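Hi, here are my notes on the model you sent over. Please have the structure open while you go through the numbered points.

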Amino acid sequence: MSERFAEISARIETVHKLSSVITAMRGIAASRVQDAHQHLDSIRTYAATIGAAIGQALTLLPPPDAGGSAGRTGRNAVLVFAAEQGFAGTYSERVFDVAKGALSEEAELFLIGDRGLSVAEDRGLSVAWSAPMILHAAQTATLATKITEAIFAEQGLTRVSLIHACPGGTEEMKIAIKTLVPFDYGRFPEPKTRVAPEITLPPGKLLQSLVEEYIFSELSEAVMLSFAAENEARMRAMIAAQENTEETLEEMIKTSRRLRQEEITGEIVELATASLMQA
């Protein structure tokens with residue numbers, strides 16, 4: 001009896017430690033979500049500034065042909081953002097479920113997030129290019145630059161689709177699908193003033209540079225949203241784990257009390273029997 005009581009007491013201590021780890025992980029995930037939301041406004045302000053510059057640059061040139069790729073046959077890439085770390089539930093699986101339609105036999109998979117590599121392997125998907133997902137919001141610009149360089153370094157890419165999760169707050173996360181290439185110039189309205197901007201680059205080169213910068217801002221936003229969504233998913237998983245741990249702990253404490261009571265009862269019976277025998 002005493003051995004069982006000692007065993008259950010040791011298990012209770014272990015579960016208490018596990019609960020502390022779960023609480024810490026939940027707190028870290030919540031902090032990262034908050035950090036991501038604080039960075040999103042500046043990213044979107046930057047994108048709006050570049051978008052206004054594109055609108056002005058378009059007045060200096062004939063209407064572009066959607067980045068020069070419309071109507072041409074070329075390679076198709078799908079950029080998918082998966083999780084980087086574990087304990088995020090079915091986060092990566094849900095992103096791949098949505099990406100399934102876009103990942104045709106002709107499409108090349110560009111994958112962000114090391115946890116997504118195993119999901120891609122399980123689904124029989126070949127990864128053409130991959131990179132780790134960020135672990136801190138401050139790493140966003142570095143990853144966005146790396147992806148931008150990979151996209152523009154690839155020869156023959158005429159279509160690039162972007163698929164990533166968005167944080168849902170109190171609601172379930174949503175999956176966003178966006179086309180990066182061919183570039184949609186129709187999004188940028190003409191400037192209200194017709195005063196020609198002063199430029200130091202040829203208009204064509206200026207516009208191309210602005211397009212690359214705008215795609216960089218779109219990728220930065222996607223990285224930050226994915227980062228927030230992954231950590232939101234981890235928060236949900238930790239909440240569920242904490243609830244399960246509390247239920248397990250409650251049952252173990254009940255068992256511990258029962259075993260302790262049985263042990264005390266046994267000791268009383270032994271003392272009573274010894275007293276009767278002495279009498």
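1. Start with Lys-17, which makes a salt bridge with Glu-13, their closest N and O atoms being 3.8 Å apart. A salt bridge here means a side-chain nitrogen of Lys or Arg within 4 Å of a carboxyl oxygen of Asp or Glu. Both residues sit in helix H1 (residues 2–57), and because they are 4 residues apart, about one helical turn separates them. Helices (H or I, at least four residues) and strands (E, at least two) are DSSP runs, numbered from the N terminus. Lys-17 is exposed at 54% relative accessible area, while Glu-13 is partly exposed at 47%. Those words have cut-offs: buried is under 20% relative accessible area, exposed is over 50%, and partly exposed lies in between (1.4 Å probe, protein chains only).

2. Before you go on, keep in mind that this is a predicted model, where local features need pLDDT of at least 70, side-chain atom pairs count only at pLDDT 80 or more, and totals for chains, interfaces and linings use all residues. Residues are numbered from 1 along each chain as its sequence is written, and side-chain values use heavy atoms, with hydrogens and water left out.

3. How many salt bridges does a search of the whole structure find? The count is 10. As background, side chains of opposite charge can pair when their charged atoms come close.

4. Now look at Arg-123 and Asp-97, whose side chains meet in a salt bridge at 2.9 Å, N to O. Arg-123 is in the loop between helix H3 (115–122) and strand E3 (127–131), and Asp-97 is in helix H2, so this pair ties together parts that are 26 residues apart in sequence. Arg-123 is partly exposed, at 35% relative accessibility, and Asp-97 is partly exposed too, at 46%.

5. Another salt bridge joins Glu-221 to Lys-178, with 4.0 Å between the closest N and O atoms. It links distant parts of the chain, with Glu-221 in helix H5 and Lys-178 in strand E5, 43 residues apart. Glu-221 counts as buried at 17% relative accessibility, whereas Lys-178 counts as partly exposed at 29%. Both belong to a network of salt bridges that also takes in Arg-44, Arg-187 and Glu-218.

6. Is Ser-161 buried or exposed? It counts as buried, at 10% relative accessibility. Leaving out residues up to four places away in sequence, Ser-161 touches Ala-77, Val-78, Leu-79, Lys-178 and Thr-179. Contact means heavy atoms within 4.5 Å.

7. Check Phe-5 in helix H1 as well. Phe-5 is partly exposed, with a relative accessible area of 21%. Which residues does Phe-5 contact, leaving aside neighbours within four places in sequence? They are Ser-256, Leu-259, Arg-260 and Glu-263. By C-alpha atoms, Phe-5 and Pro-62 are separated by 83 Å, and they are 57 residues apart along the chain.

8. Pro-202 lies in the loop between E5 and H5, and Pro-202 is partly exposed at 49% relative accessible area.

9. Two backbone details deserve a look. Val-181 and Pro-182 are joined by a cis peptide bond, with omega about 5°. Pro-182 is placed in the loop between strand E5 (174–181) and H5. The other detail is Phe-87, a residue other than glycine with a positive phi, near 60°. You'll find Phe-87 in the loop between strand E1 (75–81) and helix H2 (91–99), and Phe-87 is exposed, at 57% relative accessible area.

10. Last, the surface charge. Glu-243, Glu-246, Glu-247 and Glu-251 form a negative surface patch. Patches are made of residues with over 30% relative accessible area and no salt bridge; like charges are joined within 9 Å, and nonpolar side chains (Val, Leu, Ile, Met, Phe, Trp, Tyr) within 5 Å. Glu-251 is in helix H5 (residues 203–278) and is partly exposed, at 46% relative accessible area.

Technical notes
Areas by Shrake-Rupley, 256 points an atom, 1.4 Å probe, with all protein chains shown as cover. Lys, Arg positive; Asp, Glu negative; His and termini not counted. Charge placed at Lys NZ, Arg CZ, Asp CG, Glu CD.
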